[in-house]
Every structure is written in C-alpha cells, then in structure tokens.
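Me: Hi! I'm new to this one, could you walk me through it?
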Amino acid sequence: MTPNTVAANVPRLDLDLYGRSALLNPIGTYQRIRDAGAVVWLPRHRLWVMGRYRNVREALRDDATYLSGAGVAANPLTNALSAGTTLASDAEAHRQRRRVLLHSLSAKALASAVPVLQEEASALITRLADRGQFEGVSQFAAHLPVRVVADLVGVNISPTRMLAYGRAGFDGMGPFNPRMLKALPTGVRFWSYSRSVKTKNLKPGGWAAAILAAQREGNLTSAEAQAMVIDFIGPSLDTTILASAQLLWSLGTNPAVWNELRDDRTQIPAAVSEAVRLASPVRGFTRIVGRDTEVDGVALRRGQRLALLFASANMDETQFAQPRVFSLQRKGSNLGWGFGAHACVGMHLSRLEMQALLEALVAQVARIDVEKPKRLLNNTLQGFRSMRATFCGEDSPEASMYR
Ligand code: HEM
C-alpha cells in the first residue's frame, strides 16, 4: 500500500476540518472525530487525524515515529517555506535550534522581563478600569504581546506587521483552501522578510539578534538562522493573545471562579493552564509518519500525513471531566502547549504574561463583565476575535452587590 492509499475499512469522516462550519463549531467537530476512532481518515484532505487525548499525547512523545522535519502544515508549499525552523525539524538539528531559542526564552533569561510585564500589566488594568467599556482582545489580551514581547523579539517591523505575518503564517498551515490562498501573499512576504534580516537592522540584545549571533559563533548555518527568525515572529503574539482573551472570557462568565481566584492567588497558575486548555489557541499541527505503525488496530503507513489535534485532546471527556467548564481544580497537564520534544518553547513566557495580567486584575478589579464574543476564523488558530468587556473596581456599587 502506498502512502496515498488507505484501506476501505478504516474509520473515516467526510468533514472539512478547515471549513467555516468546523471553525465556528470546533467542539462539535472534535467530538465527531474522537467518536469516530483513535485515528480517522479525512478523505477531503487526504489526511489522517487524531483527536483523543491519550493518542495525541503518545504521538507527541514518539517523535521518532511522528516526524516534524518535513513540516507540520497541511500543505506542501508552507512545509517548503518553513524548512529550517525549529518547529519543522527533527533529532539533532531540532535539539540544536531549540537550544538557541532557549538562550532567550528560559526562565533565567526571562527573569529581567518579569518586572516590565508586571508594571505594564498593572498600568493597563488601571487604565481599562477607568475607561468603562473596552474591546477585550485588542485592548486587553494583545497589550503585553504587542507592547513588551514584540520589543523583546527586536525586529525592525511594527507589531502590527508581526501580527499580520503571524496570522497569515498560521492560516497558511491549512490545506489549499480559500483561506490559505488569501493568506499566501502575506505568508510569502513573511518568508522573504525572514531571509532579508541583517544584524544591523535588529535591536541589539534582542532575541532575533541572538539567533544571528549563534550563526556567527558557528552554532547555526545562515539558512537555519534566517528560517529561525520565523520561530520568534510567527507564534510569539497571537497564541498568547488568544489564551489571554480566553482568560478574560472565562473569568467574566464564571464569577464564582473569579472570586475563588481573588480569595486565593496561589491558584493563578492553575487559571492560566485552564485558560490555555479551553482556548487551545493552536488547534493542531501535522506530522509525517516516519515508519509503518499501528494505532488501536489501524495501520498508518510511512509517508502518510497525520494531524494531531491539541484542541480536541483538551476537550476529551475521558481525560477532563466536564471539559467545557472552567475549573481551577484540574489535575494533570493539558496539551495546549503541546508535549514532548516539540513542546512550546515559549510556554514560560506566555505563562509570565498571563500571570502578570491576573495579578494586576486580582489587585485592582472586583468584577469583570464580558459580552458579544466573536470568533476568529483561521486554519490553525482558534479563539476570540473580539468581545466587549468592562472592569469594575473594588469600590464601585456594582462590585459590592456582586460578591
Ligand atoms: C499561550 C501561548 C502559546 C501556545 C498555546 C503555544 C502553543 C504551542 C504548541 C501547541 C506547540 C507545539 C508544536 C508541535 O508539537 O508541533 C508550540 C511550539 C512552539 N512555540 Fe508555542 N505557544 C504559545 C506561545 C509561544 C510563544 C510566546 C513563543 C515565542 C516567543 C512560542 C514559540 C514556539 C516555538 C518556537 C515552538 C516550536 C518548538 C519546537 O519545535 O521545539 N510559543 N507552541
């Protein structure tokens, strides 16, 4: 059997995983996939998909069978454009690239960013509480990524352009559908920008400059270094914005959990993890099956492409009781930041950002109101595009009625 043929009796679903209705109703779509089998063939995309927690986690742990080196997108063009990145690499090349990124993203390296994040978060919450109503995604969730993280990356393009590149990059990871094709020109500009980056145009001491320095020191080839600029620009903003927007929504719609958090700040890390589980900003990435294998009796052949749905795994009721509920009592890890060799290298940074927001919120805000949520439509990212929100301070009459 070639990689392009699958047996007639395997679990299969005739759904468009990247279509509008799947994007608008992701939870129902993931449920159908989990119900259909441990691994399911999607004929429309000629793609296998995995949606159950246990299987996705096992596949992420087995990076010798499920390979990233031929790209993690669902189309060959984006896979070619992402060659050389940390995300799209295996084995020793992957470990070496990851080490270079961790020079900028380890807990030790990020220690000096913590007070900056805390000050920015505190000033932001004061401003928003004074303002009355505001737009929750652009004015709250995007603030730290745009104001602090973009500056730490240190490239010579505006945060708005970084955001446009990142979003197009994620759209470009879908199959060749209209959304992917619409994003393609911006995705190609993103790629050519990464190839044009020169040290003299970068912020000294910034993360992008650190990648080019690793090349000068002989730790990366120049092709790798240029490709790896994508590792910082692509995933550093939108992912955390979507998770922070989920935090705002979940706390606004669950006043009992919000009060629990205000009474016990040690629960802040749990609130951050739970928001990432519910948001699962990265729906999933693909892998190439590197050797013939079997998943719950279904044969996967070397060379076939398989999508691992982090977002579906995080909604698996066999792993998370009442998965739609925002709860601070969850045990065990979720797959929102991935797992295994490719687990998110920016996890610590995104945690710090969300923790800074929560600490400032708990200190200054008694009540959070949210309404009118709108969903983002993207081939790879999921979450809120916008929502209206209001913060009420401790001394407002509405806040005292609420507690
Ligand atoms: C809440 C925020 C975030 C979420 C939900 C998230 C999600 C993920 C996921 C699911 C993966 C695994 C990819 C795979 O297995 O193929 C990943 C990897 C990665 N993330 Fe994040 N991410 C976040 C924030 C960030 C930030 C802030 C950065 C950069 C500053 C970043 C950079 C990366 C990179 C470079 C990789 C590839 C790591 C590797 O292949 O070894 N991420 N992320």
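This is a predicted model: local features need pLDDT of at least 70, side-chain atom pairs count only at pLDDT 80 or more; totals for chains, interfaces and linings use all residues.

Me: Thanks! Which protein donor does the iron atom of the ligand have?
Reply: Its only protein donor is Cys344, through SG at 2.3 Å. Donors here are N, O and S atoms within 2.8 Å of the metal (3.2 Å for Na, K and Ca), and as water is not among the atoms, sites may look incomplete.

Me: And where is Cys344 found?
Reply: Cys344 is in the loop between helix 17 (310–313) and helix 18 (347–364). Helices are DSSP runs of H or I with at least four residues, strands are runs of E with at least two, and both are numbered from the N terminus.

Me: Now helix 7: how many residues has it?
Reply: Helix 7 has 19 residues (113–131) and reaches 27 Å from its first C-alpha to its last, close to the 27 Å expected at 1.5 Å a residue. That expected span is 1.5 Å times one less than the number of residues.

Me: Which of its residues are buried?
Reply: In helix 7, Ala113, Leu117, Ala121, Leu124, Ile125 and Leu128 are buried. Buried means under 20% relative accessible area, exposed over 50% and partly exposed in between, with a 1.4 Å probe and protein chains only.

Me: Where do those sit around helix 7?
Reply: Seen down the axis, the buried residues of helix 7 fall within an arc of 100 degrees, so they line one face. The arc is taken from the directions from the helix axis to the C-beta atoms. On the face turned away from that buried side are the exposed residues Glu119 and Asp130.

Me: What follows helix 7?
Reply: Gly132 does, with a positive phi near 90 degrees.

Me: New topic: is Ser280 buried or exposed?
Reply: Ser280 is buried, with a relative accessible area of 1%. Ser280 has a positive phi of about 35 degrees although it is not a glycine.

Me: What about Arg46, what is its phi?
Reply: Arg46 is not a glycine, yet its phi is positive at about 50 degrees. Arg46 lies in the loop between strand 1 (40–42) and strand 2 (47–50), and at 47% relative accessibility it counts as partly exposed.

Notes. Residues are numbered from 1 along each chain as its sequence is written. Side-chain values use heavy atoms; hydrogens and water are left out.
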